[in-house]
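Student: I have a new model open and would like to learn how to read it. Could you walk me through it?

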Amino acid sequence: MISVDKELCSGCGVCPDVCSYGAISLVGDTAQVDLDKCTLCGTCAENCPADAITIEREETGSAAELDQWRGVWVFAEFRNGEYAPVVFELLGKGRELADALGEELCAVAIGSGSRDQAEVLGNAGADRVLVADSPELEGFSEDVWARILSRLASEQKPEVILAGATSMGRAFLPQVATMLETGLTADCTQLEIRAEDRALLQTRPAFGGNLLATIVCPNHRPQMATVRPNVFRAPSMDFEDSGNSGRQIEIDEIELSPEDLKSGVRVVERKVEDLQGPDLANSQVIVTAGRGIGSEDNLKALEQLANCLEGAVGATRAITDAGWISHHHQIGQTGATVAPKLYLGFGVSGAIQHLVGMQGSEIIVAVNKDPDAPIFDVATYGIVGDVHEILQLLLQRICKGAGQTGG
Ligand SMILES: Cc1cc2nc3c(=O)[nH]c(=O)nc-3n(C[C@H](O)[C@H](O)[C@H](O)COP(=O)(O)OP(=O)(O)OC[C@H]3O[C@@H](n4cnc5c(N)ncnc54)[C@H](O)[C@@H]3O)c2cc1C
């Protein structure tokens, strides 16, 4: 609740100036707040010289209430008969967080057939698996998934919930956060526990990727975060190597009521998009085109190189915006996050929005004619030169005499 004391307000005009949301204007000599635009950020109240603006915030949980929430949950996305790779990446990070908190790590699986493969989640680090499996959970329905996960969370009170920032996670996690009246930080790139108050420090790019913001959720539980695929490395799935040997895994099957399964969504048709070429997110080699390749025609040489290396073609946003290649190939903040064994960048400058999507690559090779290009700051091997010349040399060497395409 925000209110302006008309007696105290002098109409000085400071608050409309400082409000970033355009939510305050002067009507006569008094400040008036547009509640549809106001986010209760408090900047106006802090800057009001007459102390005429008051913000009353909802009472937040006491320390004792927050203390009732314990343990780390990972949403185990189950689709098309298997767990998504990001689940294992999150279980690896979740294990670290649970150990830092001295709590249990629980994987929560929802979907038809998810029970059959639940043991694999234990091998990846979960102490316990909660499974909601029913034939009626065959196709994903965000309202049903949101209701089941939020019901389980309000009953069992986990301190932290992590999920993949996949199309499924993005679709229903915000609903879960709303139902639980807590916060959610999307697209985190780092997560850690602050020992003194058990806060989950959720770091993500902000302001177009130029800053890294660390966000905390001090007064509400659970603390919720989504993480894009390929940001964290999955632990070894070998039971012995993973250090999970000998640990008992508990599998709890959830009873679902007709109420849980009721959906307001009617799926008329499902269409699976036929994406051409190898899957970018799971390729071990990615040959990436930047604006420096010069023209759409020159993509052919990169595709040829990618084929010889059994890899995929990636692109910067400059290339996808130009319409040279589809958006599915884009790597970066508004594209895919990738972590191949080998990333080759041709004519890529290395803008921060691109780097956040590929910095996890094991070996980065960059070709750029500008020796000061930022991509060289992250490259394992840098080649200062013309992309066309270097490409032809690589094609001749690697693709057994091929080349002369594009350029
Ligand atoms: C909110 C936001 C989100 C964004 N999200 C993304 C994203 O997800 N992914 C992304 O990639 N970008 C993203 N961008 C855009 C990003 O800021 C850069 O503009 C983009 O990455 C630049 O692409 P580029 O490196 O291909 O082009 P440029 O920056 O134009 O670089 C071209 C490079 O090619 C080199 N070059 C030119 N000719 C040759 C030659 N003959 N031989 C060798 N080198 C040559 C040049 O020296 C230069 O370094 C985003 C921007 C914003 C604001």
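Tutor: Let's go from the overall fold to the ligand. This is a predicted model, where local features need pLDDT of at least 70, side-chain atom pairs count only at pLDDT 80 or more, and totals for chains, interfaces and linings use all residues. Residues are numbered from 1 along each chain as its sequence is written.

Student: How many helices and strands are there in the protein?

Tutor: Helices (H or I, at least four residues) and strands (E, at least two) are DSSP runs, numbered from the N terminus. Here the protein has 13 helices and 20 strands.

Student: Which domains does the assignment give?

Tutor: Domain bounds come from an automatic or database domain assignment. For this protein it lists domain 1 (2-55), domain 2 (64-258) and domain 3 (280-398). The centres of domain 1 and domain 2, taken over C-alpha atoms, are 40 Å apart.

Student: What share of the residues count as buried?

Tutor: A residue is buried if 20 or more other C-beta atoms, placed from the backbone, lie within 10 Å of its own. That holds for 41% of the 407 residues.

Student: Which residues are closest to the ligand?

Tutor: A residue is near a molecule if its C-beta atom, placed from the backbone, lies within 6 Å of it. The ligand is surrounded by 28 residues, and the closest are G290, G292, R317, G332 and S349.

Student: Which element gives the most to that shell?

Tutor: That is α10, with three residues. At least two residues each come from α10 (317-321), α11 (352-355) and β19 (363-368).

How values were computed:
A residue is buried if 20 or more other C-beta atoms lie within 10 Å of its own, exposed if 12 or fewer, and partly exposed in between; C-beta atoms are placed from the backbone.
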